[in-house]
Amino acid sequence: MMITLTIDGQKFQAKEGQTLLQVAQENGIEIPTLCHHEAIEPYGACRLCIVEVMAKGRSRIVTSCLHPAEAGLKVKTNSPKIVENRKTLLQLLLARCSNNKIIKAMAAKMGIEQLPFKTEYLEYNDCILCGLCIRTCEQIVGVSAISLVNRGITKWAASPFFEPAPDCIGCGSCYYICPTGAIKMEDKGDTRYIYNWKVEFKLKKCKVCGNYWAPEKQLEYIRKKWNLPDDFFDICPNCK
Amino acid sequence: MILCWVAMSETKTSWTLKKLHSPKELEDLRRQILDQSEPEKTRVSICAGTGCLAYGCVRLIEVFKDEVAKQGLADKVDIKSTGCPGFCERGNIVVIQPKNVFYQRVKVEDVPQIVAETIGDAKVVDRLLYVDPITKERFVHQEEVPFYQKQQRLILGNNEKIDPTNIEDYIAVGGYSVLAKTLFTMTPEQIIQEIKLSGLRGRGGGGFPTGPKWESCRKAHGDIKYVIVNADEGDPGAFMDRALLEGNPHSVLEGLIIGAYAIDSHEGYIYVRHEYPLAVQNVRTAIDQAEQVGLLGNNILGSGFDFSVRINRGGGAFVCGESTALMASLEGKVGEPRAKYTHTVEKGLWNRPTNLNNVETWANVPLIINLGANWYKTIGTEGSKGTKIFSLVGKVNNTGLVEVPMGITLREIIYDIGDGIRDGKKFKAVQTGGPSGGCLPETFLDLPVDFDELTKAGSMMGSGGMIVMDEDNCMVDVAKYFLTFLEEESCGKCVPCREGIKRMRQILNDITEGRGEDKDIDLLEQLSSHLIDSSLCALGTTAPNPVLTTIRYFRDEYEAHIREKRCPAGVCKALIHYYIIEEKCPGCGLCVKACPEQVITFMGKKKPVILDEPKCIKCGACYDVCKLGAVGKR
Amino acid sequence: MDEKVAAIISKYNAEPGQIVSILQDIQTQYYYLPKEILIQISQIMGIPLSRVYAVATFFRAFSLKPRGKHLINVCLGTACHVRGAIRVLEKLERSLDIGRGGATKDLKFTLETVNCMGCCALGPVVKIDEEYFGQMKTDRIDSVLGSYE
């Protein structure tokens, strides 16, 4: 069923069940996000995608990644209040990740030059705890090798007991999906290292071109899951 | 020093209870219990709540039993360990019925005299009565004691009449008759209508109208629905729910079953805070006994309605008091809240319609159904009906649990019931609403206690914690305290709460340690405003309240800390100095012994000691130990 | 597979939703949550180890490190705070030479804090094992500690 709503003064059609973010993105309206990815269930952690929503005479600030599109909603994606709030969010993120390229660029784009916090309190993390790595590992890959541990300011993306993650298959999805480059992964020779989870994997060598192309453990996991023949991955996708 | 053991044992029913198959059988049982208990028989009710446990009530109860036997009165007296009567300041509390003689500060040594004189001879032991500190008047009966005079103990009133581990006591005072009435003479719609009409609002802090909430849940799509008792009372300083669950768990159960019937739910959860072992134990006993008797389980009282309930313990996380975080915890996940754009009454626990209410809210239900919404509406104010239980604590004389009609003023609670500020100090502020609330100064003492009035003043009702502060409390320190608490309790999911509270706490830390800057107040206000706008859940959106109210009403204290590096209340360690008042120091050396860093030098008898200020770690040990006021603080 | 662990899991019908209750019973049994047992639970109940670990580290009631014989809990609730609980905590830290959350070298005491035990009228409150000490003062701490073996 199609419904009509207004975003930044313009009327748009939306399908029931869509989120405000989906409607905006479909129609070329830019809303910043960090913890969002279209293939993963929205989480609502970074709060960057907030918009102002007017319904029944009340104005509320909601995260567009989660708020459902409803008939008659009036949405403002860039009101002064929203812009102010986004600026503070980026200030807070920059204070946490004061040397991170992505966060610095986002902050600069918002006109943030100096932070209002003392330099001695600045931190140098890369991880913003968006949880994308964990949610991907759970929802897409299906192994749930990692999780967000502890609570509050000590919350951290980690392998169980901060030891080599036993369930990790080395697919590198976490590395590819991380929005700030906080996951450090390296393929060196015949070995893949994912330093954050303290794991290393032997890479499979292609029988044709001789290149090391994917972790054996990952391929074994896929092979078993889809009941593929033993030699299915002996040749890399490039050579097939 | 006061100490006691908490005996952690399994459920204590040592006699078999017969199953009841109809309301008539319930009434027969009630009459049987009443017939067997002689109403004129003397009953000694000794409070066995956690507070009095810490005062040693287990031993007190044993000694009473021994003494009664020794004096040959065992068949004339019932000794009962009961729920909390609320006057925690004066524990151990012993109430002797049927005359309601109220003894406070009872010690083991007092027992022989009480047994001989009050039980054996109907005489009153004067020194154990409550004495008004100013008029010196003594009060014999509980209802006359000033602490109780302005209270309206509709919910807590049964606490001192019943042994919470014995369902027959609850039945004897009319318990479960309302459940029988609802199951057999009312439809779910009628029950919901009555709750709506009563104006009952959630007592956990949100103040959401209960009737409409039940109605939404009943209407929600789905065959399986849940009801939950939120007993994760995390506000520090609040212990109302603890006293209710420990003292009268059946009142909560009865309300829950009625609500489940109204909503069409057959499965319930009671989520009790980890730090309340006695409450868990007493609720477990209550559930067991209710099941045995047929008031829980299949075909309750032969009505055809099935309902079962289980207890889940919290794991030490304040955030799990938030309904979606609580539900996540029940699903075996970490207690992270989620957006409530779809309400939990539609999609809650396991994505099914769930109605969650606070302990006190559930306990109000049998009362409303029994006496009717129209009667209930006569109590309270236009927007806030009924009574509210507050835990009145802090720098007030009479600390404890008070149940008052909504609309009573803060002054009446603090001065009439609480008997004013202890140690002759001056009132400074009252904090309501826990970490989500605010500090209100003297100018608000005549504010009627009401959901909307408190919110308008910048605070909120919250779950009922009411902490009184005096001239020796530093309001900047109080703000720092709450932010430190919330920083630890934040689940850490969303950026504004996790990072924002951290930065605010750092700023407050700097202010209290003499490193505050002029721009700090503005920065605190700005961060506050954005936390309110963009946080994921109420922990984050209400975290700024203590900071904003203290800035609003006590700005001068902030400015003294920032501009003068001075703490007017003498609390912030980095900004205070301990010093020796030479004229008052007799050279006794007590402080020298107390000092952990050997910073005070003994100079011989009759000579004042010398305190080496630069080396002093400001622990306050010398200030505490000196009884002659020779240690000063500035 | 540890018998006690199996018994606890079956008490809750191995329901994944009851993991918090299961971990609480494990902790009551072993005084903390041993790593090997968490691994066993993950395997027996089919819950990813990462989730068991996340739950074990989220809730303050759980300790993944062996605790001292006697558990000292200092209440830092608001009512206790306004009556000077911090000074009581600092004195305990000095006397035991450990910080909050730590255990003494001889594993005799573990010192933890709680954000309100609900005995607010008795503040400041310190709980050692199952004993409650109300209206605690700094000058009584050493003698109280001394009474524990």
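This report describes chain B of a predicted model and the contact between chains B and C.

## Basis

The model is predicted: local features need pLDDT of at least 70, side-chain atom pairs count only at pLDDT 80 or more, and totals for chains, interfaces and linings use all residues. Residues are numbered from 1 along each chain as its sequence is written, while chains are lettered from A and ligands numbered from 1 in the order in which they are written.

## Chain B overall

Chain B has 25 helices and 19 strands; helices (H or I, at least four residues) and strands (E, at least two) are DSSP runs, numbered from the N terminus. The radius of gyration, taken over C-alpha atoms, is 26 Å, close to the 26 Å from the globule rule for 634 residues, so chain B is as compact as a globular protein of that length. That rule is 2.2 Å times the number of residues to the power 0.38. The C-alpha trace spans about 80 × 65 × 40 Å along its principal axes.

Of the 634 residues, 56% count as buried, meaning that 20 or more other C-beta atoms, placed from the backbone, lie within 10 Å of the residue's own.

## A parallel sheet

In chain B, 4 strands form an open sheet in the order E9-E8-E7-E10, with parallel pairing; two strands pair if DSSP finds at least two bridges between them. Strands E9 (308-313) and E10 (354-358) stand at the edges with a single partner strand each, so one side of each has no neighbour in the sheet.

Strand E7 (residues 226-231) and E10(B) pair over 5 bridges, and Tyr226(B) has Thr354(B) as its bridge partner. Helix H14 (residues 359-371) of chain B packs on the sheet, touching E7 and E10, and its direction makes about 95° with that of E10(B). Axes are lines fitted to C-alpha atoms, for helices over the stretch in contact, and angles run from 0 to 180 degrees between N-to-C directions.

## Helix H12

In helix H12 (residues 277-293) of chain B, 12 of the 17 residues are buried, so the helix is largely enclosed by the rest of the structure. Among them are Leu278(B), Val283(B), Ile287(B) and Val293(B). Just after H12(B), Gly294(B) takes a positive phi of about 90°.

## Contact with chain C

41 residues of chain C are in contact with 51 residues of chain B, contact meaning C-beta atoms, placed from the backbone, within 7 Å. Elements of chain C that give two or more residues to this side include helix H2 (19-30), helix H6 (85-96) and strand E4 (131-133).

Conventions:
Two residues are in contact if their C-beta atoms, placed from the backbone, lie within 7 Å.
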